Amino acid sequence: MAFTDLQDTLGSVGRFQLVYTALLQLPCGLLACHNFLQNFTAAMPPHHCQGPANHTTAATNDSGGWLRATVPLDRDGAPETCQRFAELQWALLSSNTSIHGAATEGCKDGWVYYCSVFPSTIVTEWDLVCEARTLHDLAQSVYMAGVLVGAAVFGSLADRLGRKAPLVWLYLQLAFSGAATAYFSSFSAYCAFWFLADMTFSGVILNSLSLVVEWMPTQGRTVAGILLGYSFTFGQVILATVAYLICPWRWLQFAVSAFLIFSPYSWWLPELFRWLLLHGKSQLAVQNLRKVATINGRKEEGERLTKEVVSSYIQSEFTRGCTSNSVLDLFRTPAIRKVTCCLMLVWFSNSMAYYGLAMDLQKFGLSIYLMQVLFGVIDIPAMLVATTSMIYVGRRVTVASFLILAGSMVIANLFVPADMQTLRTAQAALGKGCLASFFICVYLFTSELYSTEIRQMGMGFASANSHLGGLAAPLITTLREFNTFLPPMGFRAISILAGLAVCFLTETRNMLLVETIEAMERRGGASGHSGVEQPQQGELPAAK
């Protein structure tokens with residue numbers, strides 16, 4: 001008996017699967033708000049040096065020439081952000097007067113911020129500008145570091161402790177650390193709690209996707225995975241609305257840290273029966289299956305389900321299986337090693353482009369709220385195309401196409417003049433839509449490639465590599481100091497290599513999930529590059 005037989009007997013895609021998916025979508029939508037939060041809480045408003053202490057009132061007068069006498073102008077005619085005149089240049093108050101070579105100094109008395117858009121951010125609170133600009137970059141690097149560590153830690157824990165228990169803990173950790181980030185008044189405390197909050201990102205996404213995918217039959221996996229992606233999309237739009245209504249950064253941080261409300265009902269979510277069977281907890285697996293049968297209106301079928309019924313599957317499918325406890329299992333056999341190495345490159349490439357584009361909306365010169373909405377809305381048609389392509393064309397072609405198309409948008413922006421801001425923004429939005437759709441596709445593809453024994457560990461390892469790409473993106477960007485063409489060419493080259501790497505992966509469209517490392521190895525050897533799997537013992541061909 002296969003798992004798909006049990007699912008069909010108990011209702012396949014029934015009321016339980018629909019409610020289960022909806023309950024997991026809600027926190028994923030709020031997680032998107034948290035993911036892009038620093039676009040608003042760490043935004044850098046226009047600023048200039050404060051005048052000397054004995055001329056403070058005059059120097060901060062924005063309406064007259066006092067600012068002109070205090071702060072020099074840059075090449076674009078705007079006040080310098082990090083320099084002021086050592087002595088007030090009263091001669092500049094006269095029209096048609098210019099002074100060259102006047103002595104300047106740093107902002108010894110602080111800065112004046114224009115807070116018409118952002119009343120307060122971490123930049124204005126801790127003066128993270130000029131010489132302290134590196135601390136601003138550090139705050140954003142903490143995000144990547146937290147997600148990287150979280151992916152490695154919680155990916156492994158989920159294979160050992162199950163999907164449900166870590167998910168409940170992640171909701172609690174995100175709620176309390178997110179609130180603490182806004183509560184404490186020191187920058188070091190902000191970074192520490194922000195790191196703890198960011199650790200939860202990959203764990204929530206990976207466990208939510210695994211819970212949805214593994215409770216779904218083969219024909220429902222694609223749509224269920226994309227629905228989680230749509231919740232992430234709508235979360236970005238909600239963030240723009242909430243950030244527009246709640247401008248002070250501390251209150252905004254509190255508003256998007258409401259994950260505590262998800263903890264009570266998350267205890268109701270049943271643990272995956274696949275994981276329970278793999279770890280010898282057949283009695284609890286039977287209880288969960290009976291609960292599913294009751295919710296789906298198949299109570300009688302559920303009551304007939306016993307430990308003896310599932311033992312036949314355990315004996316036929318798990319006889320040679322063993323629980324994975326080491327990341328080395330991802331490189332143990334040739335088929336798994338090929339999957340892991342290809343996914344490392346694929347995830348690394350996409351994340352490097354995605355976070356470089358979506359985490360710095362101020363560089364586009366338009367309303368940051370409008371850009372956040374645009375970058376969220378563009379995902380809707382892009383994911384619709386991705387869904388259709390994955391269902392009717394396949395995973396490999398879809399993933400490779402979106403990756404290469406996104407890289408092409410990066411190259412195309414090189415040939416658009418800087419004054420054509422609308423076209424540049426449109427191309428960037430299209431590229432971001434491709435990258436976001438790729439993320440959802442590759443999450444689903446990765447979960448289908450790995451066996452149940454190592455699924456969470458494999459996805460956690462791949463996710464960790466993706467955030468290494470996010471950390472590497474600023475390093476690639478620094479190449480523009482030598483040549484402005486180098487960063488986009490570097491992104492493009494890596495995207496092409498990653499697109500080619502996808503071609504070496506097994507097509508998983510309409511295929512059953514494999515449960516053990518041995519079954520995964522057999523599938524890799526049997527399918528080759530044809531994308532057609534021969535059903536293994538204990539498995540049934542998926543419905544077309």
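Buried here means under 20% relative accessible area, exposed means over 50%, and partly exposed is in between, with a 1.4 Å probe and protein chains only. The model is predicted, so local features need pLDDT of at least 70 and side-chain atom pairs count only at pLDDT 80 or more, while totals for chains, interfaces and linings use all residues. Residues are numbered from 1 along each chain as its sequence is written, and side-chain values use heavy atoms, with hydrogens and water left out.

The cysteines come first. A disulfide is a covalent bond between the sulfur atoms of two cysteines; the criterion applied is a pair of cysteine sulfur atoms within 2.5 Å. A search of the whole structure gives 2 disulfides. With bonded cysteines counted along the chain, their pattern is 1-3, 2-4.

One of them is formed by cysteine 49 and cysteine 107, whose sulfur atoms are 1.7 Å apart. The torsion about this S-S bond is about -55°, so the disulfide is left-handed. Cysteine 49 sits in strand 1 (residues 47–49) and cysteine 107 in the loop between strand 3 (104–105) and strand 4 (111–113), so the bond ties together parts that are 58 residues apart in sequence. Helices (H or I, at least four residues) and strands (E, at least two) are DSSP runs, numbered from the N terminus. Cysteine 49 is buried because its relative accessible area is 0%, and cysteine 107 is buried with a value of 12%.

Cysteine 82 and cysteine 130 form a disulfide with an S to S distance of 2.0 Å. Here the torsion is about -95°, so this disulfide is left-handed. The bond links distant parts of the chain, 48 residues apart: cysteine 82 is in the loop between helix 5 (66–70) and strand 2 (84–85), and cysteine 130 is in the loop between helix 6 (122–126) and helix 7 (133–161). Cysteine 130 has a relative accessible area of 17% and is therefore buried.

Two further cysteines can be looked at. Cysteine 28 counts as buried, at 3% relative accessibility. For cysteine 503, the closest cysteine sulfur is that of cysteine 342, and at 9.4 Å it is too far for a bond. Cysteine 503 is partly exposed, because its relative accessible area is 45%.

The aromatic rings are the next topic. A pair of aromatic rings is described by the distance of the centres and the angle of the planes. Rings of Phe, Tyr and Trp (its six-membered ring) pair if their centres lie within 6.5 Å; planes under 30 degrees apart count as stacked, over 60 as edge-to-face and the rest as tilted. The whole structure holds 19 aromatic pairs. In one of these, tryptophan 126 and phenylalanine 187 have ring centres 5.6 Å apart and planes at 70°, so the pair is edge-to-face. Tryptophan 126 lies in helix 6 and phenylalanine 187 in helix 9 (residues 187–198), 61 residues apart; both residues are buried.

Phenylalanine 187 also pairs with tyrosine 190: the centres are 6.2 Å apart and the planes at 20°, so this pair is stacked. Both residues lie in helix 9, 3 residues apart, about one turn of the helix. Phenylalanine 187 has 14% relative accessibility, and tyrosine 190 has 0%. Ring pairs link Trp126, Phe187, Tyr190, Trp194 and Trp249 into a cluster. The buried residues of helix 9 include Phe187, Tyr190, Cys191 and Trp194.
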